[in-house]
Amino acid sequence: MVSQIIRRLALVPQGGNTGLVGGSVPVQDEIILSLSRMNKILSFDPASGALVAQAGCILQNLDDHVAQHNFLMPLDLGAKGSCQIGGNISTNAGGLRLLRYGPLHGSVLGLEVVLANGQVLDLLRTLRKDNTGIHLKHLFIGSEGTLGVVTAVSIQCAPRPSSVQVVFLGLESYAAVTQVLSKARKMLGEILSAFEFLDAECMRISTSFGSVNPLGSAPASDAGSTQSGQIFPFYALVETHGSNGAHDREKLDAFLEAVMADGEACDGTVAENVHQASQIWKIREGISEALPHCGAVYKYDVSLPTPLMHRLVEEVRAQLAQWPGALALGYGHVGDGNLHLNIVSPKAYPDLKAQIEPFVFEWVSNANGSISAEHGLGQMKADAIYHTQSPTAVDVMRSIKNLLDPQHILNPYKMLPKD
Ligand code: FAD
Ligand code: MLT
Ligand code: ZN
């Protein structure tokens, strides 16, 4: 008889390691379980758009694969060249087109998960509808590797749009951003695929590290100017995905005419080709990559009622004078009510985080927001969960964790607060 030795070694599932809250990084002596070699595409059905792939497939590779069949992955994010689909699912990543294609809870059709006791939970269906019992897959979407290791995924892809338009607008105020958003929803309707915003500080930083501002060249110091060639206080990136170029352009032109005539946008440019569209996207996607060049970065990823989003940035900004060189900047998925508030400072000030973080979390909690819109809690934000979740909700989460992982060997010290 073979005796079985149970060692109860803890492990950290690791995908592309692009997560922003330390979820894929061991805290003590956990073993890193890399999914990188589980990188096979298992099947794609061009009739339904259902893709089945191992969890270690890189998001960009999956998108390139389904593009051959005129489909696209239902999520897109700046880290697509290195993040893995298993990591996306485990963080419930949102990204740049959630506004159009919805959250992963809608597009994930099925999962294969290895449980803490070694059993394989096979939920790898490709059905759109399946009401046979509790929808277990949802437990693993966004549970940050604390309940099981995702090994394969089945996901609904969307038809690839034959017509894509990208517009970049300069705006005088955050109120104008929200007015333009509301017009975009009404006038672009079903073809609206992304609505992102950034403020002047983001534009300065992004253009200092490789992006080009299509509405001006020199990195001007006079934010607030409406002169062409200078930096506007705010920018909006609006994208459409459609199937009829002429029809989509007609809608876009009517939208642009309206936002200009009503004085909501001061300046704007429409990408005339794929290269110009990717240059515009680079301004937005390049912010995250540019920030670490500025020194220490403190990142907050919050959900808020849309009209309040930039007020938080301004209130934080007003408190930063005591830390020379520290800057607050705001950008994000305004179409989804998701603000990325970042503070950068030439050096790390130990007391900055200690003073600003409780202020941010309190502010968000008072506004009925969420202290983690899309990045998760990992090890950096786990102890802040009560700002957003009730003690009862956290107790239920703990019960689920104890049921599925009684020895706490799956990604310990993450997502749930210390007892
Ligand atoms: P990792 O970082 O390796 O892991 C993340 C978490 O998932 C960890 O807790 C890990 O243990 C767990 N995990 C990973 N793989 C598995 C698995 N197979 N089974 C179980 N658990 C697993 N996020 C957004 O939501 N929207 C964005 O727009 C966005 N943009 C980004 C842009 C940049 C430049 C960067 C660097 C990050 C961005 N992110 C964004 C953060 C986002 O969470 C990740 O990029 C991505 O979803 C994580 O995938 P990953 O494979 O790198 O996972
Ligand atoms: C983004 O939207 O760019 C990301 O979530 C990454 C970030 O905020 O750094
Ligand atoms: Zn984001």
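Which residues come nearest to ligand 1, of the 38 around it? Keep that in mind as you open the model, which is predicted.

**Stop 1: the whole chain**

Select the protein chain and colour by secondary structure.

Next, colour by burial. Buried residues make up 45% of the 419 in the chain. Then look at contacts between residues at least 6 apart in sequence. Of these, 72% join residues at least 24 apart.

**Stop 2: ligand 1**

Select ligand 1 and the residues around it. Here is the reply to the opening question: G15, G23, G86, G87 and G145 come nearest, out of 38. Highlight α2, which gives the most, with five residues. Then colour the shell by class. You will find twelve nonpolar, 22 polar and four charged residues.

**Stop 3: ligand 2**

Move to ligand 2. Select L20, G78, S288, G332 and H340, the residues around it. How many of this shell are nonpolar, polar or charged? One is nonpolar, four are polar and none is charged.

**Stop 4: the domains**

Select 11–159 for domain 1, 163–290 for domain 2 and 297–375 for domain 3. The centres of domain 2 and domain 3, taken over C-alpha atoms, are 23 Å apart. Their contact takes 13 residues from domain 2 and twelve residues from domain 3.

**Stop 5: the side of domain 2 that touches domain 3**

Stay with domain 2. Select α6 (174–188), β11 (192–199) and α7 (200–208). Each supplies at least two residues of the side that touches domain 3. Which element gives the most to this side of domain 2? Pick out β11, which gives six residues. Finish by colouring this side by class. Nine residues are nonpolar, one is polar and three are charged.

Notes. Residues numbered from 1 in each chain as written. Chains lettered and ligands numbered in written order. Predicted model: local features only at pLDDT ≥ 70, side-chain atom pairs only at ≥ 80, totals over all residues. Near = placed C-beta within 6 Å. Nonpolar A, V, L, I, M, F, W, Y, C, P; charged D, E, K, R; others polar. Helix = DSSP H or I, 4+ residues; strand = E, 2+ residues; numbered from the N terminus. Buried ≥ 20, exposed ≤ 12 C-beta atoms within 10 Å, placed from the backbone. Contact = placed C-beta atoms within 7 Å. Domains from an automatic or database assignment.
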